[in-house]
Amino acid sequence: CPNGAPLMVSDRRISPEDDNKFSYIWEARKLLDKSSLKKVILATDNDQAGHALAEEIARRIGRAKCWGVTYPEGCKDANDVIQRHGAQALRDAVEKSHPLPLEGVYTASSYIKEVQDIYNNGVGKGESTGIATLDDLFTIAEGQLTVVTGVPSSGKSEFVDQLMINLAQKSHWQFAVCSFENPVHFHLAKLSEKVVGKPFYETDGQRMSNDELIEATDFIDKHFVFLDPQVNTIDSILDRAKQAVMRLGNVRGLIIDPYNYLEKNLASDENQSISSILSKVTTFARAHLVHVFFIAHPSKMYAREDGSMPIPTGHHVSGSASWWAKTDLGLTVHRGLNDEVEIHCWKSRFKWIAKLGAVSLAYDKLTGRYSDLTDMFSKVDTSVPNPTHWTDIDLEWQDK
């Protein structure tokens, strides 16, 4: 590691500012990607910075092939081992390297530090959405899957774009974006509106300046990469997302928008195909600590007598009950008769990340920006029933 361990670490995590120190991993990608490469031994220093270095390398190249070295008692690094015990002791330590723990089987002692931290400080939350009203409803945690649904033209993609911009600005997240319905140059125009806060095209006498556009695209260039949607298998998308993690380092988000453009497995029925896709996505998310936003359309829904549309949930997403079962966070973007925007949370696997309910947001048609309301409708509606009890009477409850 030519640049050594990162200087700024917290809980075995590196500071985003240290991401550019890992270019050597990208330069070694041909070696690291070889199917014949079964083991990568990480012999980092036995201190906080060394542990953070090992965790970051493992996150980028995949924990499954990473092994760790345990030095003799009292030794901080390989040089210490040689000085105190000789070269053979170092050779023995490397040969006795052990697989880094994967999600599966652990001893309770592996978690004592984390349990003590929760006991003393509480669970905490994910990253802020950048909108205070939304933070009362949910936050964004690494390594999770969010399914976003809503009837056509409800603003699902615009809403996820807003979350991306906010996370990039406030938490320095980078994103890999696979958008089948947004050509990249048009998507850049929409994202720039959310960065600048002015329309891309002249509207009502308003338009961003060329300098503002250049500044916005420079920001987007530093925080976003775009995956070619013409290759539309889930395996190809996740493979390119892994490359983005390896190359850029601070990629914490992946967008797949929408599901129905993905190539399906013709050898299995739709339910099995969706279940397999979501399993691969959640495995990728947890292995690389990336939050995946998966946009999925509901089955065709019909307007009520008053012209309003029912509010879809995970049970209404086309094709499979797995949309409900396998997501960590389930959201619906919904627009009422008067164009008010509602964000509904219908699934939360972890109660410290989100709670069931709904909030209303303001939407600026000129810029596509979502923001807090200033009236009473910004409060969380905690009267929404537990979605685990929702059945075919969903729409009846919504009407009431």
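Hi everyone. Let me start with a term: pLDDT is the predictor's confidence in each residue, on a scale from 0 to 100. We need that because what you see here is a predicted model. Over residues 375-400, pLDDT stays under 50, and for that stretch the model has 40 contacts beyond four places in sequence. Where pLDDT is low, the predicted coordinates should not be read in detail. For the protein chain as a whole, the mean pLDDT is 84, and 84% of the residues reach 70 or more.

Now, let's go inside. Which residues have the most contacts within the largest nonpolar core? They are Leu134, Phe138, Phe159, Phe175 and Ile343, in a core of 37 residues. Several elements give two or more residues to this core, including α8, β7, α9 and α10, and strands such as β12 and β13. Helix α8 gives the most, with 7 residues. In soluble globular proteins, nonpolar side chains tend to be buried together.

Please find Phe159 on your screen. Leaving aside its neighbours within four places in sequence, Phe159 touches Leu134, Phe138, Leu331, Val333, Ile343, Leu361 and Tyr370. Apart from this core lies another one, of 31 residues, with Leu227, Ala244, Ala296 and Trp324 among them.

Strand β13, residues 357-364, pairs with strand β14, residues 369-372, in the antiparallel sense over 4 bridges. Tyr370 in β14 is the bridge partner of Tyr363. Between the two strands are 4 residues, and in this hairpin Gly368 takes a positive phi near 75°.

Next stop, helix α10, which is where you'll find His223. Is His223 buried or exposed? It counts as buried, because its relative accessible area is 12%, and the cut-off for buried is under 20%. A polar atom of the His223 side chain lies 2.9 Å from the backbone oxygen of Phe219. Beyond its neighbours within four places in sequence, His223 is in contact with Ala168, His172, Trp173, Gln174 and Phe175.

Let's look at the two ends of helix α4, residues 78-85. At its start, a side-chain oxygen of Asp77 comes to within 3.2 Å of the backbone nitrogen of Asn79. Just after α4, Gly86 takes a positive phi of about 95°.

Most residues other than glycine have a negative phi, and most peptide bonds are trans. Ser153 has a positive phi, near 65°, and sits in the loop between β6 and α8. Ser153 counts as exposed because its relative accessibility is 71%, with the cut-off for exposed being over 50%. Asp204 also has a positive phi, of about 50°, and its place is in the loop between α9 and α10. With a relative accessible area of 68%, Asp204 is exposed too.

And where is the cis peptide bond that involves Pro258? It joins Asp257 and Pro258, with omega at about -15°. Pro258 lies in the loop between β9, residues 251-257, and α12, residues 270-288.

Notes:
Residues numbered from 1 in each chain as written. Predicted model: local features only at pLDDT ≥ 70, side-chain atom pairs only at ≥ 80, totals over all residues. Heavy atoms only, no water. Buried < 20%, exposed > 50% of the residue type's maximum accessible area, 1.4 Å probe, protein only. Pairing = 2+ DSSP bridges. Polar contact = N/O pair within 3.5 Å; in protein donor to acceptor, adjacent residues only side chain to side chain. Core = buried A, V, L, I, M, F, W, Y, C linked by side-chain atoms within 4.5 Å. Contact = heavy atoms within 4.5 Å.
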